[in-house]
Amino acid sequence: MPLVLVTGINGFIGGHVADQFLEAGYNVRGTARTISRADTIKQCLTEKHGKGRLEVVAVPAIAIDGAFEEAVKGMSSNHVPDIHIHPNLTGVSAVAHVASNVSFDEDASKVIPHAISATASILNSCLAQPSVKSFVLTSSSTACQGPKPNVPGSIDANTWNEEDIKDAWAPRSARKERELSHGWVVYGASKTEAEKALWNFRDEKKPHFTVNAVLPGTNFGPVFSKEEASSTGAFVKMICEGKMEALKDVLPRSLEHFDKVESVR
Amino acid sequence: MHVAAVKFSDVADQRIFAQAKPYNWNEVLGILRELRPEQNFPAGIPDLGNDLTKVDNAGAEALLIRMGRPGFIGLRETLEQSLTSFLY
């Protein structure tokens, strides 16, 4: 079975993406900042799909050069793989790059260069690995535009969130009035720049693998662990606990919901 | 969507809009109240706008169908699954 690398496997989307690949018959190598962060998702997915199909490797800093090199090309000899049917030097045949900076820090300089570097770093590791056939980046609806309640408009493959890129770097005193908190503006800019980095890489390096970007909006659906619900996976829980105020602040008031969950039976 | 992008080698250079339809929090609250009538939910948010943006998601839905799925899942169904997963 082909082996797929899923970065950020411990996040809400990362866990579902890994689940979907396992369901479709692929084996999965997941990454998280530390192995223990992925203990819960690994346990859930192993119970669901059986032993020997999923392993987790640590990638503590995703934006440095070569961060994903071992994850993409295979483990060093002292790594004990969980996937018995794969020798431990197996390179992956595909990469789903889900991991992203979700700090929502207001400081663009801490978020945007990091997001661009993380995309470039993993793509360069893929370029050096002949086994890679395809690369898919988890982008975001925010790479096209932020929420615009009551404003008619349309979004297609040529739409880019230039507004957030421009506003993200504005000094505090010069920030224009936005419905979004500045952390969301910076996040939107970071997703836009990270996806642009993907397409620039394709144009410049002409890689041997296919590239695509998936742009989800807000994702609803089941969580694998109610204790470790994260990101948009926690929104329903927040509502049930009466925390509307947080959603009103944090979340764009109208976005999209999404498909992925149809997977989980 | 991620699986489709890997599985089908002819899917390349695409921006895949994995976005089913617009929603807002009051719509979500309304559905949650219907799904769990015995539970108390917070009040809605006044003057909440609607997303009027048209997203070019036809290609994404076609991929779902190609994967053997019926297409995008509905908001009610996905919220029910979410509630169930939280044991609400």
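**The enclosed space**

Modeller: Let's start with the largest cavity, which holds about 150 Å³ of space. Its lining takes in 13 residues, and A:N10, A:I41, A:F224, A:S225 and A:E228 are the closest to its centre. A cavity is a set of points on a 1 Å grid over the protein atoms alone where a 1.4 Å probe fits but cannot get out, and a lining residue has an atom within 4 Å of a point. Points are joined across faces, edges and corners, and the volume is the space filled by probe spheres set on them.

Before going on, keep in mind that the model is predicted: local features need pLDDT of at least 70 and side-chain atom pairs need pLDDT 80 or more, while totals for chains, interfaces and linings use all residues. Residues are numbered from 1 along each chain as written, chains are lettered from A and ligands numbered from 1 in the order written, and side-chain values use heavy atoms, without hydrogens or water.

What is the lining of the largest cavity made of, by class? You'll find 6 nonpolar, 5 polar and 2 charged residues there. (Nonpolar covers Ala, Val, Leu, Ile, Met, Phe, Trp, Tyr, Cys and Pro; charged covers Asp, Glu, Lys and Arg; the others, Gly among them, are polar.) Altogether, the model has 4 cavities of 30 Å³ or more.

Now for the open spaces. A pocket is an open set of points with protein on both sides within 12 Å along at least five of seven lines. The largest pocket has a volume of about 1,000 Å³. Among the 42 residues lining it, those closest to the centre are A:G11, A:V98, A:S100, A:V102 and A:S231. In chain A, α1 (12–23), β2 (27–32) and α6 (182–205) each give the lining of this pocket at least two residues. (Helices, H or I with at least four residues, and strands, E with at least two, are DSSP runs numbered from the N terminus.) The classes in this lining come to 18 nonpolar, 20 polar and 4 charged.

The second largest pocket holds about 160 Å³. Its lining includes A:D167, A:R175, A:K176, A:E177, A:R178 and A:H182, and the class count is 4 nonpolar, 2 polar and 5 charged.

Next, zoom out to chain A as a whole. It has 8 helices and 8 strands, and 57% of its 265 residues are buried. (Buried means under 20% relative accessible area with a 1.4 Å probe and only protein chains counted, exposed means over 50%, and partly exposed is in between.) Contacts here are heavy atoms within 4.5 Å. Of the chain A contacts with a separation of 6 or more, 73% join residues 24 or more positions apart.

A:T119 counts as buried because its relative accessibility is 2%. A polar atom of its side chain sits 3.0 Å from the backbone oxygen of A:A115. Leaving aside residues up to four places away in sequence, A:T119 touches A:H97, A:L137, A:A194, A:A197 and A:L198. A:I122 is in helix α4 of chain A too, and its relative accessible area is 0%, so it is buried. A:D65 is 57 residues from A:I122 in sequence, yet their C-alpha atoms are 8.2 Å apart.

Finally, hop over to chain B. B:S85 belongs to helix α4 (residues 75–85) of that chain, and it is buried because its relative accessibility is 18%. A polar atom of the B:S85 side chain lies 2.9 Å from the backbone nitrogen of A:V223. That side chain also reaches the backbone oxygen of B:S82, at 2.8 Å. Beyond residues up to four places away, B:S85 touches A:P222, A:V223 and A:K226. Buried residues of α4(B), among them B:L75, B:L79 and B:L83, belong to a group that packs against α7 (235–240) of chain A together with β2 (22–24) and α2 (25–35) of chain B.

Technical notes:
A polar contact is a pair of N or O atoms within 3.5 Å; within protein, one must be able to donate a hydrogen and the other to accept it, and residues adjacent in sequence count only if both atoms are side-chain atoms.
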